[in-house]
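Here is my note for you, in numbered points. Please keep the structure open while you read.

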Number of protein chains: 2
Amino acid sequence: MSRVKVLPPLVAGVAAALLLATGAQAAKMAPVPKLTKAEFTKAQHTYFDRCSGCHGALRQGATGPNITPAKTRLKTLKSLKNILYNGTDGGMPGWGKDGFMTHAEIDLMARYVQNTPPAPPEWGMKAIKKSWKVHVPVSKRPTRPPRRNWKNYFGVVERDAGNVVIIDGDTKEVLNVIKSGFAVHILRTSSTGRYMYAIGRDGKATMMDMWASPPNLVAEIKTGIDARSIDTSKFKGFEDSYAVVGNYWPPHYVIMKGDTLEPLKIVGTRGYTYDTNEYHPEPRVASIVASHNAPEWVLNLKETGVVLLVDYSKLSDGTITETKINAERFLHDGGWDSTKRYFLVAANARDTISVIDTVTRKLVKNIKVGTKPHPGRGANWVDPKYGRVWATVHLGEGLVSIISTDPSKPYAWTVVREWELGGNSLFIKTHPNSRYVYCDNTINPKKSNVLTIFDQKRPDADPVEITFKKKVVHMEFNKKGNEVWISLWDKAGEVVVIDDKTHKIKKRIKGLRMPTGKFNVYNTTHDIY
Amino acid sequence: MSRVKVLPPLVAGVAAALLLATGAQAAKMAPVPKLTKAEFTKAQHTYFDRCSGCHGALRQGATGPNITPAKTRLKTLKSLKNILYNGTDGGMPGWGKDGFMTHAEIDLMARYVQNTPPAPPEWGMKAIKKSWKVHVPVSKRPTRPPRRNWKNYFGVVERDAGNVVIIDGDTKEVLNVIKSGFAVHILRTSSTGRYMYAIGRDGKATMMDMWASPPNLVAEIKTGIDARSIDTSKFKGFEDSYAVVGNYWPPHYVIMKGDTLEPLKIVGTRGYTYDTNEYHPEPRVASIVASHNAPEWVLNLKETGVVLLVDYSKLSDGTITETKINAERFLHDGGWDSTKRYFLVAANARDTISVIDTVTRKLVKNIKVGTKPHPGRGANWVDPKYGRVWATVHLGEGLVSIISTDPSKPYAWTVVREWELGGNSLFIKTHPNSRYVYCDNTINPKKSNVLTIFDQKRPDADPVEITFKKKVVHMEFNKKGNEVWISLWDKAGEVVVIDDKTHKIKKRIKGLRMPTGKFNVYNTTHDIY
C-alpha cells in the first residue's frame with residue numbers, strides 16, 4: 001500500500017443517524033403537515049427530480065437514508081430544512097446553498113417528506129407500447145456507413161435540456177442535437193457501434209443511428225417512469241438482437257428489439273434482500289452491462305444487493321433465465337476489468353466493490369473501499385508494481401481506491417493503492433494508450449472546478465491539478481486515446497478537449513447547456529475505460 | 001376420439017360474467033356496506049378459509065373470478081348472497097346450501113366482499129425463523145429403519161382437524177396422529193421416502209420421520225400465511241439436501257434445509273403476466289415438483305402463467321437460477337408423464353393442460369381440455385390403441401381428458417379420448433399394476449358419494465360405479481398396487497380400502513375426521529400415479 005489515506009470523520013454514519021431513530025423516540029413524532037393539492041403535486045415532481053435517485057420512490061433509502069415519515073417526523077421542520085439547505089458531509093447536496101431550491105421550495109420539501117409518500121403508478125406493456133415510436137423504419141435507414149470517421153463520434157448529454165449532442169471526434173463539429181429523455185443518465189451503443197442508445201431519468205429510451213448523415217433519432221419508447229440503465233445484446237449470434245432498459249420505477253426491466261425498440265417482455269425485480277431475506281417493494285435496476293462470455297446481461301439490483309445474470313438466448317421462445325447472485329446491498333454502477341471477464345460494481349452505501357466472475361458465474365469477493373464508491377465504469381491500467389488494476393472514486397470522500405484485478409497475484413481483489421483526491425468525486429477515466437488517470441472532484445464545492453491527473457507510471461508522485469472556471473464533470477477519451485474530453489457543467493457549458501500527453505487544451509466546444517456524460521462510439525462499444 | 005362428450009352449458013363463462021361488468025355500468029355501484037371491527041375480522045378469517053384459494057388474497061381472481069369491490073359493488077347484496085348460498089355451475093360451492101355457512105355468515109360475507117380487501121402482511125425471514133421448531137434433532141433420530149414395511153406407510157390428511165394420520169399399509173393400524181398445519185393440501189416425501197412433509201393452507205410445514213416408532217413430528221416452520229405446495233431436492237448428489245415451500249401469500253417460495261427445515265432463502269414471485277406483460281401483485285406458487293433430470297424444481301406460478309425451473313445446485317453459494325417459461329395463466333396442479341421427463345400442469349381457468357419438457361426446458365404445448373381441469377397429479381397408463389397416456393378430471397364438468405404422452409406418435413400431446421364422468425371431480429388415480437382408473441365426483445352434489453371406475457383395457461365400456469353413504473374424495477394405491485384407498489369425507493369419516501381386482505371392500509379404517517388426501521410413502525417417493 002503506497003499511501004496512507006487520511007480518513008474523514010464517519011460522515012456517512014453521522015448523516016444516517018441524523019434521520020434514523022429508535023422505537024423509544026416514536027412518542028416524539030411531529031404532526032403531519034398539511035399540503036394543498038397543488039403543493040403536493042409540485043413537491044412530488046421536485047422529489048422525483050432531486051431526491052428519489054438516492055432515497056427511492058418509496059423513500060426507503062439506498063444511497064441516501066430512509067426518509068419515510070417514521071423517520072422524518074422524528075425531526076423538526078427546522079432541522080429538515082437545515083439539511084435540505086446545507087446538505088450533509090455524507091453526500092446530501094445543499095439544495096439551497098447550491099442554488100437549486102429557493103427557501104419556499106425547501107419549506108415545501110421539508111413538509112412533503114413528513115407526509116406519506118404517494119404510491120407511484122405501475123407502468124406495464126399497455127403503457128409502454130403506447131409510448132413506442134419508430135421515427136425511421138429499418139427499411140429507410142442507410143445501408144452503409146458515412147464517409148466521416150463515425151467510430152470516433154461522441155454523444156454528449158445535455159442533462160437538463162434533454163438532448164444528446166452528436167459531435168465528430170475528428171473535426172469537433174456538432175453534427176446534430178437529438179431530443180432525448182430528461183436528464184439522460186448514460187449512453188450505450190449496439191455491438192457494432194452503429195446505434196447509440198440513451199436512457200433518460202424519466203424512463204424514456206431513445207435510439208440514434210450513427211450511419212445517418214447527420215446522425216438521427218430512429219426510435220423511442222418510455223419503458224418506465226424512472227430509469228438509469230440501458231444496453232444491448234452483444235454475444236456472438238445475438239449482436240444487436242435485443243436492447244434492455246433497467247428501471248428504477250416500476251422495479252423491472254424491459255427487453256426490446258434491438259433495431260426498433262419494440263417492447264417484447266417485462267421482467268419484475270421486486271423481491272427479497274439477499275442478506276436479511278425481507279421483502280423490498282422497490283429493488284431498482286441500477287446498472288446493466290452486456291456479458292462477452294455468455295448471451296447474458298449483468299443486471300445489478302440496488303436495494304436487494306442481487307446481481308442477475310439474465311440469459312436472453314431463448315427469448316425467441318419467451319424464456320428468460322435469471323441467475324441470482326448474492327453480492328451486497330445498494331449496488332449502483334460498475335465496469336469490466338481489462339479482460340472483460342470480471343465485473344466490478346459499487347455497493348455504494350456499503351462502501352464496497354463487489355466482483356462478479358462472469359465465467360464461473362460467482363461472486364469473487366466483496367472488497368471494502370472508501371465512503372460511497374462511485375466508479376462510473378471505473379478505470380483499468382497496469383500498475384508498475386502491482387500489474388493489472390481497476391480503480392474507483394468516491395461520493396463520500398476524496399479517494400481513489402485501486403484494486404488488483406489479476407487473479408494470479410496473491411493480492412488479487414484487494415486495494416493495493418489509495419490516492420488522495422482533493423474532493424468527493426463522480427468519475428474516473430483512463431485509456432489503454434494513456435499513462436494518466438483523470439478524476440473529477442464535482443461534488444466537493446471547494447474543488448468542483450478542478451481536474452486531477454495522476455501518473456500511472458509514477459504512482460507515488462503528487463497529481464497534477466488543472467483548475468477551470470466552471471464545475472468539471474466526466475471525462476471520456478477519443479478513439480485513439482490521445483485526447484481526453486471533459487465537461488464544464490454550466491448553463492453556458494462547454495466540452496474541453498485536452499491533449500493527453502501535454503495536458504494542454506486543444507479545443508473548446510462551446511454553446512452546450514449543462515453538458516455531463518460523453519460517450520465515444522468506439523470506446524463505448526468495446527468497453528474501453 | 002372414442003366417445004363424444006356432452007358439453008354442459010358454458011358454465012364457467014356465465015359464472016364469470018355474473019361478477020364482471022363493463023365501465024359503462026360503473027355508475028350503478030352499490031354503496032360500501034359498513035362492518036364493525038369484529039365483523040370485519042370474522043369475515044377476513046372466513047374469506048381466508050373459504051374464498052381466497054380460488055379468488056386470491058387480493059381478490060383479483062384465478063380459479064374463481066375477480067371479486068374486488070369494482071366488480072362486487074355492481075351487484076346487489078341480494079344477488080351476492082344468492083351466489084354465496086347456492087353456488088354456481090362454474091365450480092363456486094353453495095356455502096349455505098351445503099351447510100358450511102349460516103344465513104348470518106352469508107350476509108356478512110356479501111357485505112365484506114363489497115369492501116376493499118385488507119392488504120395481507122408480509123412474512124419475511126424474521127417471522128419465518130421465529131416459527132421454526134426442531135422437535136427431534138438429527139442426532140436423536142433413529143439410524144436404521146423400523147421392522148415394519150415403512151415404505152407402505154400412508155399419510156392421511158385430516159383436513160379440518162389439522163392432523164396427519166400415519167397408517168401402516170400392511171396391517172392397516174393407525175401408528176400415530178401427528179399435528180400439522182390447517183387443512184393440509186398435500187404430503188410429499190424426501191428422495192429416500194424416510195421423511196414425509198406436509199404443507200398446511202396456513203403456510204405451516206411439518207416434517208415427519210417414518211423411521212421413528214411410531215413415526216413422529218421432527219420439525220415445523222411457518223413459511224407464509226397461505227401455502228399449497230412443498231417438495232424436496234431429489235437429483236443425484238442433492239438427495240434430501242433441501243426442502244422448498246411454495247406460498248400463496250406472500251407470493252414467494254422458501255428454501256430450507258431438508259433435514260431440519262431451517263430456512264435458508266426466500267425468493268419472490270411478484271412479477272408480470274406472461275401474455276399481457278402487466279404487473280400482478282399476487283402470483284401464487286400453485287404446485288412444485290422435483291425434477292429427475294436436473295437439480296431443479298418445477299414451480300408453477302398461477303396468476304402470471306409462468307413455469308419456473310429453479311436450479312438449486314449452487315445454493316451453497318446463495319445462488320439460485322430461475323428459468324422462466326411462458327405456459328398459460330392460472331396454473332394449478334399437475335404431474336409427470338410415466339417417463340418423468342414431461343410435466344403436465346393444469347391452467348384451470350384457461351381449460352388448458354400445459355406440457356413442459358424438463359430436458360429441453362421448453363413448453364411443448366398448451367392443450368385445450370374440458371372446463372377447469374384438476375388433475376391432482378393425474379394418472380398414467382397404456383391405452384390399448386394410443387399407447388402411453390396421461391389423464392385429468394375437471395372441476396367444471398364431468399369429464400376425463402386423456403392425452404397421448406408418447407412423442408413418437410403423430411397424435412402426441414393431443415386429447416385422444418374423452419370419458420364422461422357422472423360429476424365434476426377432484427381426483428383421478430391409477431397404478432402401473434392396475435388395469436383400472438379411479439375417479440371421484442366430489443364436487444357434484446348429486447354424485448359426490450360415487451366412485452367411478454374405468455377399465456383401461458376396455459376404454460369404450462361404461463364405467464363401474466360404487467356408491468357410498470358419504471362423500472368420496474381422493475384415491476391412493478398401496479405400494480404393490482393391488483389396493484386402492486379412498487376417503488369418505490365426513491366428520492365421522494373413514495378410509496375405505498378396496499381390492500383393485502375385485503372392487504370389493506377389504507377394510508374400513510374408521511374414526512377419521514374429514515379425511516381427504518392419502519399419500520403412500522413408496523408411490524409418493526417414486527411419483528407413481
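1. P214(B) lies in the loop between β7 (204–209) and β8 (216–222) of chain B. The peptide bond joining S213(B) to P214(B) is cis, with omega about -5°. Most residues other than glycine have a negative phi, and most peptide bonds are trans. Strands here are DSSP runs of E with at least two residues, helices are runs of H or I with at least four residues, and both are numbered from the N terminus.

2. A word on the source. This is a predicted model, where local features need pLDDT of at least 70 and side-chain atom pairs count only at pLDDT 80 or more, while totals for chains, interfaces and linings use all residues. Residues are numbered from 1 along each chain as its sequence is written, chains are lettered from A and ligands numbered from 1 in the order in which they are written, and side-chain values use heavy atoms, with hydrogens and water left out.

3. Which peptide bond is cis with omega near -15°? The bond from W249(B) to P250(B) is. P250(B) sits in the loop between β10 (242–249) and β11 (252–257) of chain B.

4. Now look at K172(A). K172(A) is not a glycine, yet its phi is positive, about 65°. This residue belongs to the loop between β3 and β4 of chain A.

5. Those two strands take part in a sheet. The sheet is open and has 4 strands of chain A, in the order β4-β3-β2-β35. The pairing is antiparallel; two strands pair if DSSP finds at least two bridges between them. At the edges are β4 (174–179) and β35 (515–520) of chain A, each pairing on one side only. Neighbouring strands are turned by 20° against each other on average, direction ignored. Axes are lines fitted to C-alpha atoms, for helices over the stretch in contact, and angles run from 0 to 180 degrees between N-to-C directions.

6. Strand β2 (residues 153–158) of chain A pairs with strand β3 (residues 163–168) of chain A over 6 bridges, in the antiparallel sense. G155(A) stands opposite I166(A) in β3(A).

7. How are chains A and B related? A rotation of 180° with 0.0 Å of shift along its axis superposes chain A on chain B, with RMSD 0.1 Å. That is the relation of a two-fold axis. In chain A, the C-alpha nearest the axis belongs to E322(A), 2.6 Å from it. Both copies use the same surface: 100% of the contact residues of chain A recur in chain B. Contact means heavy atoms within 4.5 Å.

8. Within chain B, 6 bridges join antiparallel strands β17 (residues 306–311) and β18 (residues 320–326). There, V306(B) stands opposite N326(B) in β18(B).

9. Next, the helices. Two packed helices are described by the angle between their axes and the distance between the axes. Helix α2 (residues 37–55) of chain A packs with α5(A) at about 90°, and their axes are 10 Å apart. That makes α2(A) roughly perpendicular to α5(A). The cut-offs are: under 35 degrees is roughly parallel, over 145 roughly antiparallel, 65 to 115 roughly perpendicular, and the rest oblique. Residues of α2(A) in the contact include F40(A), Y47(A) and C51(A), and those of α5(A) include L108(A) and M109(A). By class, this contact has 7 nonpolar, 2 polar and 4 charged residues. Ala, Val, Leu, Ile, Met, Phe, Trp, Tyr, Cys and Pro count as nonpolar, Asp, Glu, Lys and Arg as charged, and the others, Gly among them, as polar.

10. Compare another packing of α5(A). The axes of helix α4 (residues 77–86) of chain A and helix α5 (residues 103–112) of chain A come within 9 Å and cross at roughly 125°. That makes α4(A) oblique to α5(A). Among the contact residues are L80(A) and L84(A) of α4(A), and I106(A) and A110(A) of α5(A). The contact has 7 nonpolar, 1 polar and 3 charged residues.

Key. Least-squares fit on C-alpha atoms with pLDDT ≥ 70 in both.
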